[in-house]
Structure formats: structure tokens, C-alpha cells
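Subject: A structure for you to explore

Hi there,

Here is the structure I promised to pass on. Have a look around first, and then read on for what turned up.

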Amino acid sequence: MPAVSTQQLINLQSQQKNIRNICIVAHVDHGKTTLSDGLLASNGIISSKISGKARYLDSREDEQQRDKTSSEKITKSEDYLINLIDSPGHVDFSSEVSSASRLCDGALVLVDAVEGTHSVLRQAWIESVRPILVFNKIDRLIMELKLTTQEAYLHMNRILEQVNAVMGTFFSENVMETDARKHEEKKQSGEEIDGENWHLEIDDDSSIYFSPERGNVIFTSAIDGWAFRIDQFAQIYAAKLGVKEEMLKKVLWGDFYLDPKTKRVIGRKGLKGRVLKPLFVQFVLDNLWAVYDAVSNDRDKVEKIVKALNIKVLPRDLKSKDPKILLQAVLSQWLPLSSSILLAVIDQLPSPKESQSLRLPKILYPGVEKLPDANMLSETRAKLEKAVYECDASESAPVVLYVSKMFSVPNKMVVSDTVGRVPLTAEEIRIRKQERMIQQQKLKDNPELEQLTKATTSQPPEVDPNAEKMVGFARIYSGTIKVGDTVNILGPKYNPAHPELHRHEIKIESLYLMMGRELHELKEVPAGNVFGIGGLEKYIHKTGTISSVLDCPSFAGLRLATSTILRVALEPADLSQMSQLVEGLRILNQADPSVEVLRQETGEHVIITSGELHLERCLKDLKELYAKIDIKASDPIVSFRETISSSPAMVLQNTAQSQLKVEEDPSEEQITLPPHTVMLLTSNKMCKIRVRVSKLSETVTNYLQNNTNTIKLIADDKESDGIDSAHKKVEVQSFLNGLQKAFTDTDKPTKEWDNITQNVWAYGPKRTGPNLLVNRIQGYTESKIQEYESSIIAGFQLATQSGPLCGEPIMGCCFFVENVEISDVNADALKRSLLPGQIITTMREACKQVFLTWSPRLMLAMYSCDLQAP
């Protein structure tokens, strides 16, 4: 195919029914980038001769050396605009897969025909993208495992059953969660529930499974350049067998056989002891195996096969001594990879208009079965939701788009003034080169003319081609965004009820069409497309929502599949370059969805990554792209957690921790405190805080860890003055009921846990951790302590984030604030203004001291992994 001009792609962007936004997901080394090369070759972007070797979407040099992709790149197809995003397969970069899935409507799920790994299915299910199953590396069954056609069929059938079993598990989990939510809603509303007659409402699940006869399974060898679906062979054999193509397609996969006597298709019962090959083996695999055998062992037979298939193979390929070249030449023409893949994408995957009506309600209202009635919404909100669900690209529709990640590109990758440009022919390139040489010669012969030309020619401002710029990776859901438009950037915590918070108003500086390694400037982008957007680095940290109206919800952040566990401390080789390191870390934290960047109390700059490969990439990016300085990194340290044992290390009697002597005021007497309790004064002696700590049971700790999303919802709603929807209230109440049940289900329940959920002040660290701060202050609601509640909680958060043993987060502790006394309420304004900060410091120290009244322990990290062997 000829290369496609930028103007053609821009024209296709407005044809929503011809747009497909897809990503390729698979486990590491399952052939994603090789498959992408094959699709690129079909569109003239790279040569078919280097397909599978160019690794065009591996724009990073370290990716090409490592043969793994670690960031998304996009390319286009002709007639239909296919936004193809190649994502990494290594577990360290699963956050990149989440970023890609959020922007797509469908996914090509690659499964190695030998290994059969299907771990990436969950990410596609979570983001509600429609998948197509691709059996890749079938050539390995032939060349490496030496399987017969019958053995290969049974092997692939077994993998297909395993994949469908996984999909069935996801569906069952979803049904049970939905049922539990409905049960809880009825319970909260006060309706009577008949436990005996209550039953699961199970929907039809036939649409979620993969089946070759439905066209959502592709068989391929990307390295050899071929692929097929069974409808291609059904079309070939329908005329020969005298049956309808649709009927043959239904029996080409499964236990169906051709009776040689009656020439009729029979099932397993019709075998009657005879040994026959399934139709898929007889009509498909036998022919495919025959081509591989002929190329490897019988070159004379190859010419007969080429003639029988009615394809043209160049003489030089027929005479090639490399069997791989001949194999690719024959199979890529008989079963072209691009045709099968792209036709499957067009037939099976939805357009943006179809997809958004199904996916967007789940993003806007997660966990809700019945959407709110339009009459209950404001006029602006109802118009916005209608435009988003219908993918309305009209001028009157509100602009709504989501930025799933920020990434860095060098200036030399940005191509300007590309609209309307048509690729030059070889003759045009030769003529332009000659004209340029003639002009240079004239200037060389006439120095005065050269000086005059330099003086009269306006020189554009110099731009460092290697300098990095941040670009947002975005999907527009409604409206048409244009350069120069004024829009609102909504942060993850934005609430339409408080439009003045977590919002920035900006003017769009630049839009980009993303073409693999290049960015082409655009003037506008209509709804349904993925694209790049510049000028957001000051406003978006990792993800964000952009809208032209204020009554727009902030789309939920990405759900990352892995947690960060590997940390290193960094410092520049030349300490005078510390400011460059700090700026580089800021950009890295913005560009990488899963890295954590911290500055410890000691002043050390620390990054926490998902694993060794992720750490390697982050350090390389810092040295070569962001900070551009030599960096020293400490040895990797796996994070620990600090906790307390179930019994004290010693009996505490008359110890410094159990007594408080106010040295500053001799009139005060010693106060004897119960075990595991401390009481401290602020430095200005205006506030006295009494804190006690108890160990949480393993059941409660695990429950808190497994419900971090709900805890985050509670924390966010406290900041926005209340829970804003009924389904969130039900979810929060269900969580609190479960938490109270976890306390009562312990081996030794005590009275201190009675009704504890009603008095939980905060969860920590980071507002979502497995520690509790409980308010046990007598007469709290009538006191002035409420003014300093945020300071008490802040001290608790700081203490649980960095424990007293070695500065690691605390886990499994419940801190009770038993009393807070504020004296000298008539103190001067300066003294009162310093009190909130001093309460934070005192509360932090109180938590750390009371923690040490128990026998402290360090908890080692446990790394879980799944091992699969063929």
C-alpha cells in the first residue's frame, strides 16, 4: 500500500464509524511489537522486508536491545482509521497497559501458542475493552515442538478452554459483586429480604467467550508474516464441498468430521469407531504443515504449492538458501497477516460511538447498575452525559477528554506543517537535491550574495532538537478541541459542587497526531480519537480530565495492577547539580504512572519502582532525558513495614513511657498512665495530648488492605464535604459493616472494639493505609478541639508514614486519642497561630513513643508471582 498523507488521516478522524481505537496486550515476549511491524508494513510505513526486525514501535534504544516495549506508540491504517497502541508485556510496566486500555475500545490479546499465558485478560476486563484472541507463534508448534497436526489442534483447543474459563471466572465475580450490592441496597433501604427465595440474576454470558466460528479468534505467526481466521478457509472450501459458507464456518472448529463415504459433516457420535481427523485439522492445519515441510525438505514441491495457491513468488525468493525467506514469501501472500488482523478489528471491535455508550457509564458511575434519571441532573450535566455517550463531535457539544498519562519526547520528533503534505517520489527528491546544490554553489561563488541572503532571511528562534517536552496522551469523548480553545483541567479530586477547587483554566497550545516515533501538529481533533496534547506539564501530575464546562465529573484514576516495592536513594555525582536532579525527578514522577518519588526527612531523594527492569529504565531516563547528569544510586532496598507484636516486650511499671513529669512546671504532679499510653505537651505548653495504641488483628489488617479504593473514597468525600451519590453511600456503609464484623470475628474480641467504626477519625498512612486513628475524647462535639482536628490527623499520617524503627510505614496499629486539653485559650494571636503546627509535631511524636511501648517488629516484603511451564 502507498504511504498515507497526514491530510488523509485528518479527514478520516471525522468519520467516527470508520475509527477503531485498539491496543495490543500480552505477556512479555509473546510477539506484540513483531505483530505491529507486520501491520505497519501493510500501510507502507516500513518495508515488508524488515517487518519483524525493524521493531519500529520500540522507539527507545534500550527497548530494541532488550526486545521489550515499555511505552505506547500509535499508527494508522488506510480507509479505516485504526489507532494502534503497542503496550509493554513485562509485569514491571503493567501501569502502561492500564494507560493504554483506558483510551481504547478493543484489544488484541496475544497468547503464545506454546506457553498459553493469559494473565493480561484481567486488565482488558477491568477497563471493559472488547478483546480478540490471537494465537501467536504457531510456527513454534511446527518447528520447535514438532507436533503433528492432531496434537497441535488438541493443544490449542486446551489453551482456548483455559482462556474461556478465565473469562467465565471474571463474569462470575462480576455477577456475585452485583448481587451483593443489590442485597445491601435493599437492606439499607429497609425492604424485607426473603433469604430463601433470593437468587442470583445471571445474564447471558455467551458474548464474553472466544470462539473461532464467531470470528474473534485469530491464528498467526507474526514472525513469518501470516494469519488467518476460519472464515477464510470456509470461503475456500464452501464451493468445493457444495455447502453454504455460514454452515461450514460453524463446523470448521470443534469435534466435527467429514465422512469420506457420504461427504457429509458428522459429529463425534457419527464416528462409530472410525479414526477421522477434525475438519480444522484436515482442511487447515494439514495444508499449513505441508507448506512448512515442503520449504524445509522438498523445494521441488514448493513450486507446485505456489501454482496451486495461485500466488506469485519472486525467483530470487524461490532460489534463496534461507528457508525463512521463502517461507515468508509464500505464506505472507497466501495468508497475509495484515488482512486477517485488520478485517477482524473492523468486524469485531466497536467504533467509538458504539463503545462509549457502553463504557462511559461504567467510568462515570462505577459500580452502579441503574443510571440516574436525566431529570435528576442539571441541564448542563445532562447535556454533557448525552454528548459523551453518543460521542458527539459537533461544535455545540461540550469538550470532554481524558489524559491517561504524560510522556516525554525530544523536539526533533515533532513534525510541523505536515497538513496536506504528500510523500515525494524518488524523482522529485532527486530534482530538489540538484536545485539545492546549485543554490549552494551560487552562494559560494558570490560571498556578497551569501551575506545579503543571511541578512534578509528571517531566522526562526533556535530550538534544541534534543530537548525534551512533555505531551499528554489523551482520548476525546465529546466535542471538538482546537488550538487556542480555553478549557478547564480537572484534577482527580475535583468535585463539580466546588468548582473553585482542584481546577485550572488554560489555553490549548498544541495538538498532535501520533505516528509511531513522530508527532505531527494538528489544528483540531474531533470526538472519538486518541491524540497528543502539549502545554499540560504544569497542571497535570499523572492523569487528568479536561472539559469546557465546570459541571463535569473527574474521571477516575487508573487502577494499577502492581505495587511499587523496590526503592533506591539518589544523589548527583556532582553535588552542585542537585537542582537538576530535583527537576529531573519531578518530570519522571509526572511521566511514569507507577513510580513514586519521595524526599525523606534526612534529605535523601528516593524513588520506588515496581521491579529491577522498571528501576533500570527510570535511572536511564533520569541520566539521559530528564536530569541529564551523572547520578549515583544506592543499592536497591526492598521496603519493610513496621508493626508491633501481640504482647509487650516487658511489663511496664513506673517507666519513662508510662509516666509524664512536666518539668517546665514544678507544680504539676506525676501522672501514672495505663500501659501503652503516653501523654505529651506541645512546646508552648498550650496543648496536652494523650494517645494509646493497640495491635489490629490480622483479619482487620487484611480487610483494610483489600479495601483501599473504598477507604480512598471515604477520604476524598470528607474533603468535599460529604458523599455525593447514593451508590457511594451504600458502598461506604457496606465497608464499615464489614470492618466492624472483622473486629468481632477475632479470636479474642474485647470491648474496646465495640462500635469502633463510628469513631474512626482517619486511616493511614496516605489516608488509605492499614492503620486506624480513633477518637475517644469525652465531650468532643462540644469542645474547641474540633478546630485542630486536621492537625491531629496530619500528625497521625506523618507518624504512620515513617515509623520510629527505620523510617518505614507502620502497619496493623490502632491509635486511640483519649484526651486533648487546650489551655490558655486567651493567649495572644501569635501564640495561637503557632499551635496547629505544634500539635502536628506533638501528635507525631506521641504516636511514635506509644508505638515503642510494645515490642516493635519489622515485616519483610513478600513477592508473589505465578509460574507457568509448557
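Which residues are linked with R140 in a network of salt bridges? They are D112, K137 and E144, which together with R140 make up the network. Please keep in mind that this is a predicted model.

R140 has a relative accessible area of 18%, so it counts as buried, the cut-off being under 20%.

The whole structure holds 25 salt bridges. Another of them joins E173 and R122, at 3.6 Å from N to O. This pair links distant parts of the chain, since E173 sits in helix α7 and R122 in helix α5, 51 residues apart. E173 is partly exposed at 32% relative accessibility, and R122 is partly exposed too, at 37%.

D255 and R268 form a salt bridge as well, at 3.0 Å. Both lie in loops: D255 between α9 and β8, and R268 between β9 and α10, so the pair ties together parts 13 residues apart in sequence. D255 is partly exposed, with 33% relative accessibility.

Now for a pair of helices. The axes of α24 (residues 789-801) and α25 (residues 829-851) come within 7 Å and cross at roughly 40°, so the two helices are oblique to each other. The crossing is right-handed. Among the residues that meet there are I792, F796 and L798 from α24, and I839, M843 and R844 from α25. By class, this contact has 10 nonpolar, two polar and two charged residues.

Enjoy exploring!

Note on methods. Residues numbered from 1 in each chain as written. Predicted model: local features only at pLDDT ≥ 70, side-chain atom pairs only at ≥ 80, totals over all residues. Heavy atoms only, no water. Axes fitted to C-alpha atoms, helices over the stretch in contact; angles between N-to-C directions. Helix = DSSP H or I, 4+ residues; strand = E, 2+ residues; numbered from the N terminus. Parallel < 35°, antiparallel > 145°, perpendicular 65-115°, else oblique. Left-handed = near helix turned anticlockwise from the far one by under 90°. Contact = heavy atoms within 4.5 Å. Nonpolar A, V, L, I, M, F, W, Y, C, P; charged D, E, K, R; others polar. Salt bridge = Lys/Arg side-chain N within 4 Å of Asp/Glu carboxyl O. Buried < 20%, exposed > 50% of the residue type's maximum accessible area, 1.4 Å probe, protein only.
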